[in-house]
Amino acid sequence: MQIRSRAALAAALVGALALSACAPGGASSSEEDDSNTIHIVGFAVPEAANKNIATEFTKTPEGEGVKFQTSYGPSGDQSRAVAAGLKADYVHFSVPTDVTRLVDEGLVADDWDAGDNKGVVSRSVVVFGVRDGNPKNIKTWADLVKPGVEIVTPNPASSGAARWNALAAYGQVISDGGTEKEATEYVNKFFKNVVSLPSSGRDATTAFLGGTGDVLMAYENEAILAAQNDEGFEYVLPETSLLIENAGAILEDASEPSQAWLDFVLSDEGQKQFALTGFRPIRDDVDYGGTVEGAADPSNPFPEVGTLLTVDEDFGGWDEVSTKFFDEENGLIFEAILGAGLSLE
């Protein structure tokens with residue numbers, strides 16, 4: 001299987017993925033300021049939410065005077081960059097295996113997911129972004145694999161968002177009573193309709209907004225945020241979807257305010273800010289005011305999904321998922337991508 005060695009590229013990424021100052025405040029080069037700075041390294045999608053949370057955090061006694069530097073990009077690439085030396089105090093990745101990589105490197109404690117939240121800091125679900133008026137009448141998973149339907153989805157080799165999309169595509173067949181053979185055949189058809197495979201979920205959204213494809217495989221929050229930024233597109237919540245659970249952790253040598261930051265991210269206020277930018281709160285009791293602008297129905301922004309799959313309950317957990325679907329030698333999803341004539345680069 002022709003897959004570039006992303007581990008070999010990680011060192012180069014350290015230089016390329018420069019940290020930038022994040023509002024509020026910028027970072028100084030002095031040691032004193034560095035000890036009061038939180039370096040956030042994350043996947044591309046939650047940047048707006050983290051910026052809003054940072055603004056609220058600095059209003060608290062624990063956050064007073066804290067500064068931020070940030071780097072956002074494809075989840076897998078960001079994780080490999082941190083493993084190769086990119087400075088990070090707090091990481092926010094699309095999938096937990098990108099944190100596990102840092103545990104294996106001795107950079108994150110092995111009990112990082114032992115809390116009540118199990119390492120999850122933000123949630124969403126898989127949706128279909130469609131063109132205005134839904135001219136291809138895309139409502140179901142079956143519609144995605146019809147002839148002539150062009151799909152945009154990020155690349156599972158670099159993007160965590162892409163892995164959630166691919167798992168949802170496979171899992172909905174099993175949930176509907178199909179066999180593993182039928183689910184594999186569906187995934188093969190799915191990737192044969194893919195016309196663009198960008199590096200990250202954010203890049204996929206940009207490609208779709210630029211006119212590529214009929215349907216965008218996206219996070220629900222990404223669709224809501226696009227509408228908030230006046231770049232909105234219609235989206236369809238399928239009858240069967242997958243619960244996306246993004247991982248967050250602080251590093252072993254994190255700066256002093258980093259633990260307070262993580263606690264704030266998990267707090268009612270932190271989860272409220274996630275909700276207001278389109279993420280589903282990790283707890284049902286979070287009061288975000290009941291309205292989220294940009295949602296298909298702002299007064300009911302997070303409607304119940306008919307059948308909501310989870311990685312733990314429907315796929316056997318991330319260890320099994322990583323081997324079965326995303327192994328670089330014979331992973332089911334990677335084979336489907338290459339079989340469709342697409343590249344994992």
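Let me start with the surroundings of glycine 129, which, leaving aside its neighbours within four places in sequence, is in contact (heavy atoms within 4.5 Å) with Phe208, Asp214, Val215, Leu216, Phe233, Glu234 and Tyr235. Please keep in mind that this is a predicted model, in which local features need pLDDT of at least 70 and side-chain atom pairs count only at pLDDT 80 or more, while totals for chains, interfaces and linings use all residues. Residues are numbered from 1 along each chain as its sequence is written, and side-chain values use heavy atoms, with hydrogens and water left out.

Glycine 129 lies in strand E5, residues 120–130, where strands (E, at least two residues) and helices (H or I, at least four) are DSSP runs numbered from the N terminus. Is glycine 129 buried or exposed? Its relative accessibility is 0%, and therefore it counts as buried, a word that here means under 20% relative accessible area, with exposed meaning over 50% and partly exposed in between, for a 1.4 Å probe and protein chains only. The strand as a whole is mostly covered, since 10 of the 11 residues of E5 are buried.

Which strands pair with E5, then, if pairing requires that DSSP finds at least two bridges between two strands? Strand E8, residues 215–219, runs antiparallel to E5 and is joined to it by 5 bridges, with glycine 129 standing opposite leucine 216. Strand E10, residues 240–250, also pairs with E5 in the antiparallel sense, over 5 bridges, and there valine 120 faces alanine 247. With strand E9, residues 234–236, the antiparallel pairing extends over 3 bridges, and valine 130 is placed opposite glutamate 234.

Finally, a pair of helices: Phe264, Val265 and Leu266 in H11 meet Asp268, Glu269, Gly270, Gln271 and Phe274 in H12.

Note on methods. Pairing = 2+ DSSP bridges.
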